[in-house]
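Trainee: I would like to learn how to read the features of a protein model. Please show me the structure and take me through it.

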Amino acid sequence: MKPIEQIVITANDRLQRHLVSTSLGGLLPRTASVTPAANIVSLERWFNDIWLTLQDKAYPGTDKRLLNDHEEYFLWLQILNNPDFEQHLELHGIALGSLINKKQMIEQLMQARSLMAHWQLNDNDLNEFNNIETKFLASSLDYLTRSLNLCNGLLKDDAIQIVGDAIQNNGINKPASIRLHGFVELSPLWQQNLSALSTDIQLKQYIQPSNATAPITQYSSLQQEIEHAAQWCQSLLGELEPNEQIAIIVPNLATIHTEIEQGFNRVFDPGFITNLDAEFANVPYDISLSHMLSDEPIIHAIFELANFAENRLELELVQKLNLCRYWGLGRSEARHRVSQQLAQRLSFDVSNADYIDLLSSVETAIARENNEHPFDHDRVSTFRKDTRQRYQSFDLKDGKKVMCSLLENLGWPGHVTLNSREYQAVQNFMALLDKLAGYASLSAHSKQTRSNGRIRFNAFMSLLKDLASKTSFHVQLPPRPIQVLGLMEGAGMQFAHCRMIAMTAANFPAPPQPNALIPYHLQDKVKTPRSTPERELEYAESLLCAYQECNPALEYSFHLYDTQDQPQELSPIIPQHNAQLTPIEPDHLSNLIDAYVTNAANAATHYETIDVTYTTPYPLNSVIDGGSYHLQLHIANPYYAFATYRLGIPKNVEPQFGFPAFIKGTLIHQLLALFWEDCQNSDNLAAKSNDDVQTFLKRHCDDIIHQHIYRHRLSISGDYLEAYKTQICLLVNNAIQMDRERGAFCVLAIESDATAEFLGYQYRLKLDRIDKIGDETFVIDYKTGSSNLANIQKQLLSEPQLPLYACIDTTNPHAAIGYCEIRPNQCRYLGIGELATPVHGIHPPATLNRYELPADWTQTYTWWTSILEHYTHTLATGYSVNIERNPVIVNYYTHLAPSTRFVGQSATEPSE
C-alpha cells in the first residue's frame, strides 16, 4: 500500500470545505508536494473512513454494530423504561423513583459517558467520591454495557479506542505527517491516538497578535446592533471577490437567532415582512443554525394530527387541527364553517366523535349546495379506526409502512404544492422512518414494546417525536456570501471581512455547565469541557486568538441593553489596550430602517380588492372612541384599530376556569379606590396599623368579589374563592405598604374623569389617582403587569397612556406621571417627572435620555404633544393601512389576522 505523505485533519466539515475551496496559502507549506484536496478531511469523516477500512480487514471488534447518537439515546430510553434496570439499581443501593424528565437524565448520562471515555476516567475515579450520583452513574454504565452486548452494539467512543488499538498494531496505513487545523481543544483520547498515528504531527496553535488594533462598536440595544451589522454586510457586498465571504460571529446564536433573522430581513428584504404571499426572504445571508426536524411546520403537523386517535381534546387544539392545511382539503369552506361553530362552544374540550359528526354535517350540507363529494370527516374516521384496530400495535421494523399508510389515508400533506424547504423536510422525515427499522433489535427488552416485539401506536409516536426533536434539519441552499456563524463553526476560517457581535460579558465567555453526574472536583482536576469558569475562560481566550490570527481586521461590537432592557457590558476578555471604541447613537439608524420597511410595504401590495388606506374620518371636535386604548392600537396597527373600534369586530372570549383575567385588575382598582377614599393622605395612613388595613381590605374585597360573581354568572368553589381573595388582598396591601415609605402626600382625586384634546379631537380618560405632594401633582396609573419606560421614550409611542395624562393641561402640567406596578413578586413606582420631593422609581428625563426623550421635563411633554398630535391626525383622518409597528400589542388581536388580506393600495406613512 502506497504511504500517504501528508494529511490535514480539520475540526469540522465546514472548515474542511473551506480549505478545499481556498488556495491553502498560509495554511500549509507552499512546496511542490502540497497536500492535495483529497487529503484534507474532517476528523469525523477521517474516523468513518478508517472504521470502514478496519471492517474490510475484519479487524477484531469491528464486527459489532456502530451506534450513532440517536441510537444511543434510544437505547438509554429503553433502559430507563425497563423494570429490570430499577432492580439493577436497587442491588447497588439506589432507589430510582419517578424521573420527572427522562430526556434531561439521558442527556446527562450520554455526556458523562463520553467525557469519561475522552478524558480517560474509569470506575476507580468515581469510586473515590462514593456518593449517590457516582453510584448511579457507575451502575447505569454497567447496565448500558450489558445492553450493548445483548444487541451486539458499539458506541463511537469505544470504536475510537479500537481505532487506537489498530494504530498501535500497525493495522492502519500511517501518513508521514499530520496537520491538525481548527482545533481549539482536543481530548486526551484523540491526542493519544493521533500521536501514535504519526511522528510528525502539528497542531495549529493560535497566538493573539500583539500589535493588532481592535475596533469595538458600542450600540444602545441588541436590535440596533443586529441591524447595523446587516447594513455593514450590505455595504461590503460589492467589494467581495468570487468565493469570498463576510462572517458575522455570534456567541449566543442559538438564543438570538430569531432576532438576527428579523433584523437582517428588515435590511435586505423589508418587503418580505409585509408580503403575505412570500414564502422566503430574498436575502444573501445564511444562518448556520440547524433547526430541529420536529419544528418544521409540515412535520410538526404530523405529531399534532396523531391526536385524532384520542377520545377527547382541548377545544383550542381541535380548532388548530381543523384549520391545519397539511391534511385533507386544507382550509376548505367546510372546515372554516366548522371553526365558526366550534368558536361558539363554551366547553373546554371536544370529543373527536363530536368533531367528526360536526364536520360530516357541514360537508354534507355543502355537498348538496355545490354538488361536490370530497369528505374530510371520512379521513379522520378512517385514521381513528386504523390506530385503534389495524395499527393498534405493530412491529417497529414496519413503522415506516404504518406511518405512510396512516398519513396517506389522512390526506397528508394536504392539497398544497410543497416548496423546497417543505420537500427537504419530508425527505428527511422519510429517512428518519427508514432508520427506525434498525431500532427493532435495540428494543427487544423494552417495556414500551410487547414481549412479541410489537409497539403500540402512542408509544411509536412518542418515540418518533423524540427522535425528530433531536434530528437537525438545515435547509440546503446555494452558497451565500454572508455567513452568520456560532463561535465554534468559524474558528480557524479566514474571511474577507469578519465581525463578532453581541460580545457582552453575559455571552462571552459562556457560563460553565458541568455534568451533573461526575463530581465537580474530578471535572476540575482533568479539565473537562464547560466544567469550570476557569475552563470556559481558557476556551474563550483560545477561540478569540483563533479568530484574531485568521482575521487580522476582525471587528467587535456589543450592546448596552438586551431585549429585556437589562444593562450589559463589554466582555472583559476582548483586547482593549489598542481598542477603538465607537459609540453609535440610537436615533438615525432605526428611523432609516423603519422608513425602508415602510417604503417596501408600499411597493409590495399585490391585492386589488379593498383599499382601506383611508376610511371614514372622524368629524372635527368629536370624541375618539376607546380613548387611549384606541390610540395605542392605532399606533401598533392602524387597520386593527379600525377593525376593532370603528367596525366593532369583537374578540372571542375563551372559556376559562376560575375568574377571568380582567377581573383581577378591576378588583385591585376598586379596592384601592375604596381605601384611599377612606384614608385620603399619608398622615391617616401612618395612623392605621397593618391589622386595620387588612381588616378593611378583607371586608370590602368580599363584597366586591361577590358582586362580580353575580354579574358574570361565575361558578367558583369555596376553597378557590378564599385563596383568590387572599391573593388580591395581599397584592393591594403590598401596594399600600409601599406608600407608607413615601414622604408626605394627600390623595387629590380617585378614578377621576379627564379629557385630553389634540387638533380638535378629544380622548376621554380616567385617571386612577392623583396625589398632591407639596404644591405639585403626581398622576398614578395602576398596572398589574410589567411596564417599561422605553416605550414612552421613542418616536414610536407604543404606550401612549401616560403621555396622554401628562398632556391633559400643558398650561398647568403635572409634575410627574407614573405606573404603580402591583405584582406578586414586586410592587414599585416607575415613571417620569421632576418632583421637588422625590418618589423612588420616578426618574427625571435627563437620567433616562437613552432614546429620543428630551432631557428637560417641559420639553418632554411638549415633545409628547407633537407625537400625539401626529398620531391623532392619522387616526382622525381615517388612516387604516395594515402595518405592524408593535408586534407585542398586535399579538392580542390575532382574531383579526384572516382579514388582513384586504390591505391598502398604499402603505406609506401619511404626512400631517
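Predicted model: local features only at pLDDT ≥ 70, side-chain atom pairs only at ≥ 80, totals over all residues.

Mentor: Residues are numbered from 1 along each chain as its sequence is written, and side-chain values use heavy atoms, with hydrogens and water left out.

Trainee: How many helices and strands are there in the protein?

Mentor: Helices (H or I, at least four residues) and strands (E, at least two) are DSSP runs, numbered from the N terminus. The protein has 33 helices and 25 strands. Buried means under 20% relative accessible area, exposed over 50%, and partly exposed in between, with a 1.4 Å probe and protein chains only. Of the 912 residues, 50% count as buried.

Trainee: Which residues touch the most other members of the largest nonpolar core?

Mentor: A nonpolar core is a set of buried Ala, Val, Leu, Ile, Met, Phe, Trp, Tyr and Cys residues joined through side-chain atoms within 4.5 Å. The largest one holds 92 residues, and F429 and F460 touch the most other members. Helix α20 (residues 457-469) supplies the largest share of this core, eight residues. Apart from it lies another core of 42 residues, including F696 and L835.

Trainee: At what angle do α18 and α20 pack?

Mentor: Two packed helices are described by the angle between their axes and the distance between the axes. Axes are lines fitted to C-alpha atoms, for helices over the stretch in contact, and angles run from 0 to 180 degrees between N-to-C directions. Helix α18 (residues 399-410) meets α20 at about 100°, and the axes are 12 Å apart. The two are therefore roughly perpendicular, a label for angles of 65 to 115 degrees; under 35 counts as roughly parallel, over 145 as roughly antiparallel and the rest as oblique. Contact means heavy atoms within 4.5 Å. G399, M403 and L406 of α18 make the contact with F457, F460, M461 and L464 of α20.

Trainee: How many aromatic pairs does a search of the whole structure find?

Mentor: Rings of Phe, Tyr and Trp (its six-membered ring) pair if their centres lie within 6.5 Å; planes under 30 degrees apart count as stacked, over 60 as edge-to-face and the rest as tilted. The search finds 23 such pairs. In one of them, F383 and F457 have ring centres 6.3 Å apart and planes at 80°, so the pair is edge-to-face. F383 lies in helix α17 (residues 376-390) and F457 in α20, so the pair ties together parts 74 residues apart in sequence. Both F383 and F457 are buried. The rings of Y614 and Y879 have centres 5.5 Å apart and planes at 55°, so this pair is tilted. Y614 is partly exposed, with a relative accessible area of 44%, whereas Y879, at 1%, counts as buried.

Trainee: What should I look for in the backbone?

Mentor: Most residues other than glycine have a negative phi, and most peptide bonds are trans. Here the bond from W412 to P413 is cis, with omega near 10°, and P413 lies in the loop between α18 and α19 (420-436). Another cis bond joins F508 and P509, with omega about 0°. E751 has a positive phi, near 50°, and lies in strand β20 (residues 746-758). At 27% relative accessibility, E751 counts as partly exposed.
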